Amino acid sequence: MAVSVDDPERQLYAGFNRRRPCRRFRGPPSDNNRKAGVQTAQSRAIACGYSGLQKRRQDGEEGENNYELAQAEACSCASSLCWQERNLHKGRVKCVRPTRENSIGGGFTPTPREADAEKKMPTITRMFTMQEASRHSSRDDCWIVIDGKVYDVSSYLDEHPGGDDVVLDATGKDATDEFEDAGHSKEARELLETFCIGELDESSTAIPEMEILSKKQAPDYARKLVDLSKQYWAVPVAVFGISVVVSFLVLRKK
Ligand code: HEM
């Protein structure tokens, strides 16, 4: 079937059907399948691949294999949906359960036991110093620090309802007050979390400040020391000078 290159959704559908991830997702659904909600599941799988496609476009990560990735995402979503709903089909349909490693989009859904185990696993958080965060303060590369967390909001700047300038002005410093003062909604806060890239390393901020302080103080101490030593040398020199003058006057009188 020839598919217009201008219609990404149809291309995705065609590729998805060609890949045939699972029998349940092929062709028009039978009455039984329709009852079992297969069509909804298929659209959900396509939507899953399509949202990945759009996100890559937004992030400027679109490459030659864009559709393949989206199809793989749709397939892995489909397999996941099948896996979740396998009871509906009484085991007649064989689907491979996607893993976190091979599922590119939202195809992988952990079982309650897996989700529980993951919660207990320590997560590795990237730490950034304020110095490092403040290096990203341009329209193309914009990080902001809110409530001890670092967010890369570069891709969101153009969409920000309050304009990009207010966000750019809030870079390079703790922007918690600015963010709170704007009275952001719950949705805005949830959206913000999707841009989190790490946490602020607050322990290291004290060190550069201390270094700057000690650099500023160093020449003062040195000058004071030189001044003091000058004073101490001046006293014996003055005493010596006075005694020379006095003895000279005394000798002249004699
Ligand atoms: C710290 C810097 C920020 C400032 C000063 C700021 C300021 C504002 C202002 C003034 C508005 C109101 C716009 C209007 O009503 O016309 C607004 C709305 C909004 N902002 Fe921000 N903003 C900041 C950062 C962010 C970030 C990082 C996000 C999300 C990633 C965000 C998400 C939103 C959303 C979704 C709205 C729409 C209203 C709402 O749902 O609360 N903002 N912002």
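Q: If buried means under 20% relative accessible area, exposed over 50% and partly exposed in between (1.4 Å probe, protein chains only), is aspartate 147 buried or exposed?
A: This is a predicted model, in which local features need pLDDT of at least 70, side-chain atom pairs count only at pLDDT 80 or more, and totals for chains, interfaces and linings use all residues. Because its relative accessible area is 62%, aspartate 147 is exposed.

Q: Where does aspartate 147 lie?
A: Most residues other than glycine have a negative phi. Aspartate 147 has a positive phi, near 50°. Helices (H or I, at least four residues) and strands (E, at least two) are DSSP runs numbered from the N terminus. On that basis, aspartate 147 lies in the loop between strand E2 (143-146) and strand E3 (149-152).

Q: What arrangement do the six donor atoms around the iron atom of the ligand form?
A: Donors are N, O and S atoms within 2.8 Å of the metal (3.2 Å for Na, K and Ca), and sites may look incomplete because water is not among the atoms. The protein donors here are His160 (NE2) and His184 (NE2), which lie 2.0 Å from the iron. Six donors count as octahedral if opposite ones are over 155 degrees apart and all others between 65 and 115. The angles here are 86 to 179°, so the arrangement is octahedral.

Q: How many residues apart in sequence are the parts tied together by histidine 160 and histidine 184?
A: The two histidines are the protein donors of the iron atom. Histidine 160 lies in the loop between E3 and helix H7 (164-169), and histidine 184 in the loop between helix H8 (176-181) and helix H9 (186-193), so the parts they tie together are separated by 24 residues.

Q: Is histidine 160 buried or exposed?
A: Histidine 184, with a relative accessible area of 22%, is partly exposed. Histidine 160 has a relative accessible area of 16%, so it is buried.

Q: How far apart are the closest N and O atoms of aspartate 164 and arginine 139?
A: A salt bridge is a side-chain nitrogen of Lys or Arg within 4 Å of a carboxyl oxygen of Asp or Glu, and the structure holds six of them. One of these links distant parts of the chain, with aspartate 164 in helix H7 and arginine 139 in the loop between helix H6 (130-134) and E2. Aspartate 164 is buried at 18% relative accessibility, whereas arginine 139 is partly exposed at 46%. The closest N and O atoms of this pair are separated by 2.4 Å.

Q: Which residues do salt bridges that share partners join into one network?
A: Aspartate 165 also forms a salt bridge with arginine 139, with the closest N and O atoms 3.7 Å apart. Another salt bridge joins lysine 186 and glutamate 190 (3.2 Å, N to O), which both lie in helix H9, four residues apart. The network formed through shared partners consists of Arg139, Asp164 and Asp165.

Technical notes: Residues are numbered from 1 along each chain as its sequence is written. Side-chain values use heavy atoms; hydrogens and water are left out. Four donors count as tetrahedral if all angles lie between 85 and 135 degrees; four count as square planar and six as octahedral if opposite donors are over 155 degrees apart and all others between 65 and 115; anything else is irregular.
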